[in-house]
Amino acid sequence: MRTFQHRHLLDIERLPVADITAILNLAEQYVDQNRADNRKTNKLNGKTVVNLFFEPSTRTRTSFEIAAKRLGADVVNIPVEHSSTKKGETFLDTVQTLDAMQIDALIIRHNEDGVPQFVAPHLRTAVINAGDGKHEHPTQALTDAFTIRTHKKNLQGLTVAICGDIAHSRVARSNMHLLTKFGAEVRLIAPSYFVTPKDVLPGVELFDDMATGLKDADVVMMLRIQHERMAQGEFAVSLKDYHQRFGLDHKKLAVAKPDVLVMHPGPVNRDVEITSALADDPKLSFIHEQVEFGVGVKMAVLDLLLTK
Ligand code: CP
């Protein structure tokens, strides 16, 4: 019997370990299906999935669309720049309008923290958070956990270093919640201008230098500098200086475990947070695999939310 009873996927913070495990276990089957010759099923035949993205996206929006189509659902992408939000309609009116069309899932990306959580109780449709401001990005953390589990079997006891612009990163926050729930040792590595005390969740260690923070790490997750979440002039360091101290390259990575996984949620800013040579290193970089697994993980999320 299926135990996953949630109507929405809004965050990792409040998602129990058993439900995260259920998503990851089901994703195993869908990652295989996504690699098969015949990738399409009719599991979600007749269902309608709507993508409503108020921020740019390549990976998340497209992989939700592919995931929904692989399961036989119809997909509608709302071009927000041409929507009635531009004519003064409130966000709640917009989502209630879409809900009235009898859609089944509304996938929301928004620049403000808490928007999916605010609208979900007002809607009949399932709401999936595709990234809200600096708060959470649950399907990215699920994808990252799936990638780690594929190579390391278990999350428990692993040392995972998350490095870069922590303060503006919803990916870092969702990953901290998920990894600590599963007993991983989580380290943040960031300069003082990219982390505040409230960013360091309980049980997480903070480092301000790569040499110590990366020592014996099993997994390193690199983060992009989120210039779009900063005021003009707020980031006062040159990218060259930043790269010298906090950009990951083969030399800095040498203190990590020999079988370390290098990950990045994308988009990558090459030769800023990670060198091109390392991002493209087929032995160490799992960035493309994260993208691939993102489809299977989203298929699992859609299945669990839309078939009861
Ligand atoms: N990782 C991620 O959210 O990428 P996109 O912004 O391209 O969706």
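The second largest pocket of this predicted model is lined by 15 residues. Nearest its centre lie Lys 134, Ala 167, His 168, Thr 196 and Asp 199. The volume of this second largest pocket is about 230 Å³. Its lining comprises 7 nonpolar, 2 polar and 6 charged residues.

The largest pocket has a volume of about 400 Å³. Its lining is made up of 21 residues. Arg 109, Arg 170, Arg 224, Gly 266 and Pro 267 are the closest to the centre. By class, the lining of the largest pocket divides into 5 nonpolar, 9 polar and 7 charged residues. Two helices, H2 and H6 (170–181), each contribute at least two residues to this lining.

Rolling a probe the size of a water molecule over the atoms shows where empty space is left. The count comes to 1 cavity of 30 Å³ or more. The largest cavity has a volume of about 100 Å³. Arg 59, Thr 60 and Ser 63 are among the residues that line it. The lining also includes His 137, Gln 140, Thr 143 and Pro 265. Gln 290, Val 291, Gly 294 and Lys 298 complete the list. Sorted by class, the cavity lining has 2 nonpolar, 7 polar and 2 charged residues.

Three helices each supply at least two residues of the cavity lining: H2 (59–70), H5 (138–152) and H11 (287–306). The largest share, 4 residues, comes from H11.

The strands were then considered. Strands of a sheet pair through backbone hydrogen bonds, either parallel or antiparallel. Here, an open sheet of 4 strands has the order E2-E1-E3-E4, and the pairing is parallel. Strands E2 (74–78) and E4 (126–132) form the edges, each pairing on one side only. On average, neighbouring strands of the sheet are turned by 15° against each other, direction ignored.

Strands E1 (residues 48–53) and E3 (residues 105–110) run parallel and are joined by 5 bridges. Within this pair, Asn 51 stands opposite Ile 107 in E3. Helix H3 (residues 91–100) lies across E1, E2 and E3. The helix runs at about 155° to E3.

Terms used. Residues numbered from 1 in each chain as written. Predicted model: local features only at pLDDT ≥ 70, side-chain atom pairs only at ≥ 80, totals over all residues. Heavy atoms only, no water. 1 Å grid on protein atoms, 1.4 Å probe; cavity = no way out; pocket = protein on both sides within 12 Å on 5 of 7 lines; lining within 4 Å. Points joined across faces, edges and corners; volume = space filled by probe spheres on them. Nonpolar A, V, L, I, M, F, W, Y, C, P; charged D, E, K, R; others polar. Pairing = 2+ DSSP bridges. Axes fitted to C-alpha atoms, helices over the stretch in contact; angles between N-to-C directions. Contact = heavy atoms within 4.5 Å.
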